[in-house]
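Please look at the structure first.

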Amino acid sequence: MISLQHVSKRYGSSLAVDDLSLEIERGEFCCLIGPSGCGKSTTLRVINRLVEPSSGTILVHGHDVRLARPEVLRRSMGYVIQSVGLFPHMTVQENIGVVPRLLNWDKARIRRRAWELLELLALPPDEYAGKYPWQLSGGEAQRVGVARALAANPDILLMDEPFGALDPVTREHLQTELARLQQELRKTIVFVTHDIEEAVRLASRMALMREGRLVQHDTPEELLAHP
Ligand code: ADP
Ligand code: ADP
């Protein structure tokens, strides 16, 4: 489903990702885990081409992402980051509609989709669709971030410490919701975290990184049994 083959990324003289190869199967919940600065975000971002690798190949559904058009990448991969990055001048519904608008969906379809996603994420649409980001709590904003990433029904969700900025209670709540969503929707998820407990709770496979390299790739059970 996602195949990274000998991927490296160099920034000046420093090697952020060092000859990393990783296979992620359909429906897998893969947590990229490791200390800050070990190259997790960079690895995530080469998948949707927010970062251009210095060398190596990335295949998604067997296709080289270098050859994919930007709209195709955006449609097939939702992206969620820690700071959420909702557009402040847009309502919740408009934020959810960012990628669908790019894909020229008509207004009625975008509205229906936003309504459906807000319901899925336990934000009553009547109440939330017209709100602006500053009117949302951190947890609500992050839910909208997830809704936006799901808007065009991508197969793949790329999540970069999505709950890192939340208080522990909200964080646990959203972890539970994400696990439920994953059961229902069967997305392929690549999830960056430096929190081992979070990874163990969510992951079907864990990819452990250190200094740009993949040092272990296993189920949480195996990884904990043979660290
Ligand atoms: P992690 O997500 O594990 O914290 P990153 O992938 O963000 O790690 O970063 C890996 C390394 O690459 C770090 O040393 C970081 O400083 C460096 N790096 C990341 N992005 C850039 C950039 N845009 N320019 C220069 N160096 C970068
Ligand atoms: P930001 O700097 O706030 O991330 P962008 O314009 O890069 O601003 O992205 C806005 C939002 O659009 C992101 O938070 C993400 O949800 C979505 N997005 C950006 N790039 C991609 C991509 N390559 N694939 C899928 N979604 C993307």
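Helix α7 passes helix α8 in a right-handed crossing. A crossing is right-handed if the near helix is turned clockwise from the far one by less than a right angle, and left-handed if anticlockwise. This is a predicted model: local features need pLDDT of at least 70, side-chain atom pairs count only at pLDDT 80 or more, and totals for chains, interfaces and linings use all residues. Residues are numbered from 1 along each chain as its sequence is written, chains are lettered from A and ligands numbered from 1 in the order in which they are written, and side-chain values use heavy atoms, with hydrogens and water left out.

**The helix pair**

- α7 covers residues 138-150 and α8 covers residues 168-185. Helices (H or I, at least four residues) and strands (E, at least two) are DSSP runs, numbered from the N terminus.
- The two helices pack at an angle of about 20°, and their axes lie 11 Å apart. That makes α7 roughly parallel to α8, a term for angles under 35 degrees.
- Axes are lines fitted to C-alpha atoms, for helices over the stretch in contact, and angles run from 0 to 180 degrees between N-to-C directions.
- From α7, Gly139, Gln142, Arg143, Val146 and Leu150 meet residues of α8, among them His173 and Leu181. Contact means heavy atoms within 4.5 Å.
- Five nonpolar, four polar and two charged residues make up this contact. Ala, Val, Leu, Ile, Met, Phe, Trp, Tyr, Cys and Pro count as nonpolar, Asp, Glu, Lys and Arg as charged, and the others, Gly among them, as polar.

**The cavity**

- The whole structure has one cavity of 30 Å³ or more. On a 1 Å grid over the protein atoms alone, a cavity is a set of points where a 1.4 Å probe fits but cannot get out; a pocket is an open set with protein on both sides within 12 Å along at least five of seven lines; lining residues have an atom within 4 Å of a point.
- The largest cavity has a volume of about 50 Å³. Grid points are joined across faces, edges and corners, and a volume is the space filled by probe spheres set on the points.
- α8 gives the largest share of its lining, four residues. Val146 and Phe163 are among the lining residues.

**The pockets**

- The largest pocket holds about 480 Å³ of space. Of its 20 lining residues, Asn48, Leu50, Arg74, Tyr79 and Val99 lie nearest its centre.
- The second largest pocket holds about 150 Å³. α2 gives the most to its lining, with four residues.

Methods:
Parallel < 35°, antiparallel > 145°, perpendicular 65-115°, else oblique.
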